[in-house]
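Thanks for asking me to look this one over with you. Here are my notes, written for someone meeting the structure for the first time.

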Amino acid sequence: MAGTDEKPGTAVDGAIEYLRPRLAVTPVVAIVLGSGLGRIADRCSGSRAIPYADIPGFPPCSVDGHEGKLSVGDWGGVPVAILQGRAHRYEGHSLEVVTRPIRALALLGVRTLITTCAAGSVGKSVPGDLLLIEDHLNMMGDNPLLGMADSLSGSSRFVEMADAYDPWLRRTAQEAAAETGIALSQGVLACVPGPSYETAAEAEMLGRLGAHAVTMSIVPEVIVARALKLRVMGLAVLTNRAGVRLDSRVGHQAVVARAEGMAQAIGFLLSGVLRRLKAASLSDGGGETPSA
């Protein structure tokens, strides 16, 4: 298994050195697939799956619904890198380790991050909703940028997080959802360390703070992506009600199953987003997509 105890810069350099000669294309978009969404990667053509365990510095995945594989190929004419699953803080990793794949892919050429997760519904949102993330609350008590200035080349220590979830990408996602008839709400995602689910009081507190959903991931990736000047879009599949007891016989498996049931719709939505990204890039002469 690839080690995760290297110094930050050394670990990411090792991943890049390993991956660069093995990539069929240079990816410009990275897509992180959360719990139960791994089969969306089948839409990526001309790729082969590389286990995280083979990539120096990449943390392993030990949670059901996270396959721990990287696929790089073509999706609708857009070179993409698809991360099938992620490591989490609650698995015993530091946030520096958790976010290494994002840093490696950014240095390999990725300029846009689309990240997904399973989440618990809070407030008026309900299980079964697909949430387009418009902002977040970092409730982890930790930040992946702590002590990281030297390993984030070209990044300021003080990273602007206003409009962290790119307004143009959000509008693009709404257009793609309308085109395909997918119900898409917008809201705020709270991120907690886990692995315990929220108490009823905690869920109520998060709702009062403005959250519509709560998860144990995404936010560290987004913070690092913004530090590296990537544009970000986030989607959360609301799989359960936060603060309400899950059936102890199924637990996380029920969360994964509900996410799996949403995978096809999310695949259609992402196809629409990527098609618009490609069109915007071509109309801009291959440069950046329109700014917000």
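**Notes on the structure**

1. Let's begin with helix H6, which spans residues 219–227: eight of its nine residues are buried, so the rest of the structure largely encloses this helix. The buried ones are Val 219, Pro 220, Glu 221, Val 222, Ile 223, Val 224, Ala 225 and Ala 227. Just past the end of H6, have a look at Lys 229, where phi is positive, at about 65 degrees.

2. Now a step back for the overall picture. Please keep in mind that this is a predicted model. The protein chain contains seven helices and nine strands. It has 292 residues, and 52% of them count as buried. The accessible surface of the chain comes to about 12400 Å², with 51% of that belonging to carbon and sulfur atoms. Among contacts in the chain with a separation of 6 or more, 84% are between residues 24 or more positions apart.

3. Is Gly 68 buried or exposed? Its relative accessibility is 8%, which is under the 20% limit, so Gly 68 counts as buried. Leaving aside residues up to four places away in sequence, Gly 68 touches Ile 50, Pro 51, Tyr 52, Cys 61 and Gln 84.

4. Next come the charged pairs. Side chains of opposite charge can pair when their charged atoms come close. The structure holds nine salt bridges. One of them joins Arg 89 to Asp 142, with 3.7 Å between the closest N and O atoms. This pair links distant parts of the chain, 53 residues apart: Arg 89 is in the loop between strand S4 (78–84) and helix H2 (95–98), while Asp 142 is in the loop between S6 and H4. Both partners are partly exposed, Arg 89 with a relative accessible area of 34% and Asp 142 at 26% relative accessibility.

5. Glu 96 and Arg 100 form another salt bridge, and here the closest N and O atoms are 2.7 Å apart. Glu 96 counts as buried at 12% relative accessibility, and Arg 100 counts as buried at 1%.

6. Do look at Arg 275 and Glu 179 too, a salt bridge whose closest N and O atoms are 2.4 Å apart. Arg 275 belongs to helix H7 (residues 252–283) and Glu 179 to helix H4, so this pair ties together parts that are 96 residues apart in sequence. Arg 275 is partly exposed, with a relative accessible area of 44%, and Glu 179 counts as partly exposed at 48% relative accessibility. Through shared partners, salt bridges join Glu 175, Glu 179, Arg 275 and Arg 276 into one network.

7. Which residues form a negative surface patch? They are Glu 134, Asp 135, Glu 160 and Asp 163. Asp 163 lies in the loop between strand S6 (130–138) and helix H4 (167–180). With 53% relative accessibility, which is over 50%, Asp 163 counts as exposed.

Conventions:
Residues are numbered from 1 along each chain as its sequence is written. This is a predicted model: local features need pLDDT of at least 70, side-chain atom pairs count only at pLDDT 80 or more; totals for chains, interfaces and linings use all residues. Side-chain values use heavy atoms; hydrogens and water are left out. Patches are made of residues with over 30% relative accessible area and no salt bridge: like charges are joined within 9 Å, nonpolar side chains (Val, Leu, Ile, Met, Phe, Trp, Tyr) within 5 Å. Accessible areas come from the Shrake-Rupley method with a 1.4 Å probe; for residues, only the protein chains shown count as cover. A salt bridge is a side-chain nitrogen of Lys or Arg within 4 Å of a carboxyl oxygen of Asp or Glu. Lys and Arg count as positive and Asp and Glu as negative; His and the chain ends are not counted. The place of a charge is taken as NZ of Lys, CZ of Arg, CG of Asp or CD of Glu. Helices (H or I, at least four residues) and strands (E, at least two) are DSSP runs, numbered from the N terminus. Buried means under 20% relative accessible area, exposed over 50%, partly exposed in between (1.4 Å probe, protein chains only). Contact means heavy atoms within 4.5 Å.
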